[in-house]
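Let's walk through this protein together, going from the overall picture to a few individual residues. Please keep the model open as you read.

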Amino acid sequence: MGPIVIGVIIIILFVIVISNISVVQQSRAYVVERLGAFRAVWGVGIHFTMPFFDRIAKKVSLKEQVLDYPPQPVITKDNVTMQIDTVVYFQITDPKLYAYGVEQPMMAMENLTATTLRNIIGDLELDQTLTSRDLINTKMRAILDEATDPWGIKVNRVELKNILPPADIQNSMEKQMKAERDRRQAILQAEGQKKSAILIAEGERESAILKADAEKQAAILRAEAEKQAAILRADGEAQAILAVQKALADSLEMLNEKAPNEQVIKLKSIEAMEKVADGKATKIIIPSEMQGLVGMASGLVEAVKEA
């Protein structure tokens with residue numbers, strides 16, 4: 001063979017070898033067949049296929065994937081038709097089962113999700129459907145995960161994206177929500193007025209208590225002032241009486257020094273009693289031994305007035 005033919009053969013062999021070298025990327029897997037039968041699952045790295053015998057049957061992504069299905073018509077237990085669209089998060093865990101377990105796995109997943117959703121919603125009424133999203137999500141995830149195990153698929157999560165009731169039911173729900181908001185607003189206003197009235201009553205009560213305390217303190221102060229004034233008056237009167245008694249004692253002492261007779265002493269006693277009375281006493285009790293002297297003094301006074 002000529003050099004040209006040899007060169008062509010070498011180039012062809014080089015192209016064949018290069019075309020049968022495969023590099024598997026991270027988070028991917030290749031399902032390889034030999035002569036139509038399953039041979040192996042290639043992971044990350046460089047791999048070689050035998051020309052004309054081996055082929056890559058399926059390239060599988062091992063990342064978590066998301067399927068967003070369009071709204072599905074479902075009927076509740078109380079015969080209300082609504083539109084619900086779901087989102088399914090899944091991951092391929094076994095590339096071999098995924099490649100050979102079911103024809104068109106994504107379409108199978110969609111149909112399985114729709115039928116499962118209809119079965120679950122068919123056992124619930126409208127109000128339960130609207131308020132039981134977590135329950136529906138949990139049930140759907142468990143059913144789908146179990147059903148897709150033979151397909152090499154792991155269902156991680158299922159979410160109800162939207163629940164769309166009929167228009168007339170939406171209007172009724174909006175009216176109900178508006179009535180509920182109005183009721184709550186009325187309750188809040190009534191509670192506010194109640195609290196305001198309570199605060200006003202408590203303020204008035206506190207004001208009355210403070211006023212009563214102030215009046216009580218004022219009465220106590222007035223009583224204390226009157227008491228002090230009475231004490232001072234009593235002290236003054238006592239001091240005056242003591243002064244009179246002291247003056248009487250001093251005069252008696254002086255009389256004793258001058259050796260007065262009995263009549264002078266009796267006159268001094270009358271003067272002392274007159275000072276004690278100070279013109280305020282209505283009655284003065286005079287001892288019997290002094291009554292004669294008093295009568296004599298009165299007779300002298302009357303004689304002086306007639307003269």
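First, some ground rules. This is a predicted model, in which local features need pLDDT of at least 70 and side-chain atom pairs count only at pLDDT 80 or more, while totals for chains, interfaces and linings use all residues. Residues are numbered from 1 along each chain as its sequence is written, and side-chain values use heavy atoms, with hydrogens and water left out.

Let's begin with the overall view. The protein's secondary structure amounts to 8 helices and 9 strands; here helices (H or I, at least four residues) and strands (E, at least two) are DSSP runs, numbered from the N terminus. Of the 307 residues in the protein, 21% are buried. Buried means under 20% relative accessible area, exposed means over 50%, and partly exposed covers the range in between, with a 1.4 Å probe and protein chains only. The accessible surface comes to about 21,600 Å², and carbon and sulfur atoms hold 59% of that area. These areas come from the Shrake-Rupley method with a 1.4 Å probe, and for residues only the protein chains shown count as cover. As for contacts (heavy atoms within 4.5 Å), if you take those between residues at least 6 apart in sequence, 63% join residues at least 24 apart.

Now turn to the core. In soluble globular proteins, nonpolar side chains tend to be buried together. A nonpolar core here is a set of buried Ala, Val, Leu, Ile, Met, Phe, Trp, Tyr and Cys residues joined through side-chain atoms within 4.5 Å. The largest one in this model has 30 residues, and the members that touch the most others are Ile84, Met109, Leu117, Ile136 and Met140. Two or more residues each come from β8 (81-92), α3, α5 (133-148) and β9 (153-164). Helix α3 supplies the largest share, 6 residues.

Setting aside residues up to four places away in sequence, Ile84 touches Pro70, Pro71, Gln72, Val74, Leu117, Ile121, Thr129, Leu160, Asn162 and Ile163. Leu164 counts as partly exposed because its relative accessibility is 41%. Its contacts, again without residues up to four places away, are Met82, Gln83 and Gln170.

Beyond its neighbours within four places in sequence, Asn137 is in contact with Val158, Glu159 and Leu160. Thr148 is also found in α5, and with a relative accessibility of 0%, Thr148 is therefore buried. Leaving out residues up to four places away, Thr148 touches Met109, Leu112, Ile153 and Val155.

On a 1 Å grid over the protein atoms alone, a cavity is a set of points where a 1.4 Å probe fits but cannot get out, and lining residues have an atom within 4 Å of a point. The lining consists of Tyr69, Gln72, Thr86, Glu110, Thr113, Ala114 and Leu117. Helix α3 (residues 105-121) gives the most, with 4 residues. Ala114 lies in that helix and, at 9% relative accessibility, is therefore buried. Ala114 and Gln72 are 42 residues apart in sequence, with 6.8 Å between their C-alpha atoms.

Finally, let's visit two loops. Ser27 lies between β1 (21-24) and β2 (28-34), and its phi is near 65°, a positive value in a residue other than glycine. Ser27 counts as partly exposed because its relative accessibility is 26%. Phe52 is in the loop between β4 (45-48) and β5 (54-61), and phi of Phe52 is positive too, near 70°. With a relative accessible area of 76%, Phe52 is therefore exposed.

Methods
On a 1 Å grid over the protein atoms alone, a cavity is a set of points where a 1.4 Å probe fits but cannot get out, and a pocket is an open set with protein on both sides within 12 Å along at least five of seven lines; lining residues have an atom within 4 Å of a point.
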